[in-house]
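Let's take a friendly walk through a protein chain. Have a look at the picture below, and then we will go from the overall fold to the inside and the surface.

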Amino acid sequence: MKANSHPTRIFDKAGMAISFLCLLHCIALPLLMALLPWMSTSLGEDEGVHKACAAFVLPIGLMALASGYRQHRQGWIFCWGMAGLVCVGAAAVAGHQLGESLEHSLSVLGSIQVVLAHYLNLRYQRECCAH
């Protein structure tokens, strides 16, 4: 199997892309709504978007982080990524009760952590498997 087609790398790349899209949504949508007020009535902040992002980010992230840890044994990457997944999950599940500001902060923080964890997972897998 080619080094780039290993399932863990595929999950990391998919997880990174999905987490980045969620981050982009969390940052870009409020800016667009502030710049173009008519968008707030047509788009709004749909809670379903956060749940849909989490539905993809959480299982893919968990599989990639666990598989990567088994290969490179860098526990701090696994913990960093899991902390991000907890933030994303909390924002999706309890965001409405936490308030819009905290929900948004958890989503952004979690997404950044997950993207970085996937990147580090890929990097350390390359280093460990190159030997």
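## The overall fold

Reading from the N terminus, the elements of the chain follow the order α-α-α-α-α. That comes to 5 helices and 0 strands. Keep in mind as you explore that this is a predicted model.

How much of the chain counts as buried? Of its 131 residues, 37% do. Among contacts with a separation of 6 or more, 73% are between residues 24 or more positions apart.

## Inside: the nonpolar core

Now let's look inside. The largest nonpolar core has 10 residues: Cys22, Cys53, Ala54, Val57, Leu65, Leu85, Val88, Ala92, Val114 and Ala117. Helix 3 (47-72), helix 4 (75-98) and helix 5 (100-129) each give two or more residues to this core. Helix 3 supplies the largest share, with 4 residues.

Which residues does Val57 touch, leaving aside its neighbours within four places in sequence? Its contacts are Ile18, Ser19, Cys22, Leu85, Val88 and Val114.

## Outside: a nonpolar patch

Next, turn to the surface. The chain exposes about 7,500 Å², and carbon and sulfur atoms supply 72% of that area. On the surface, Phe20, Leu21 and Leu24 form a nonpolar patch, and together they have about 310 Å² of accessible area.

Is Leu21 buried or exposed? Its relative accessible area is 55%, and the cut-off for exposed is over 50%, so Leu21 counts as exposed.

Technical notes
Residues numbered from 1 in each chain as written. Predicted model: local features only at pLDDT ≥ 70, side-chain atom pairs only at ≥ 80, totals over all residues. Heavy atoms only, no water. Patch = residues over 30% accessible without salt bridge, like charges linked within 9 Å, V, L, I, M, F, W, Y side chains within 5 Å. Areas by Shrake-Rupley, 256 points an atom, 1.4 Å probe, with all protein chains shown as cover. Salt bridge = Lys/Arg side-chain N within 4 Å of Asp/Glu carboxyl O. Buried < 20%, exposed > 50% of the residue type's maximum accessible area, 1.4 Å probe, protein only. Core = buried A, V, L, I, M, F, W, Y, C linked by side-chain atoms within 4.5 Å. Contact = heavy atoms within 4.5 Å.
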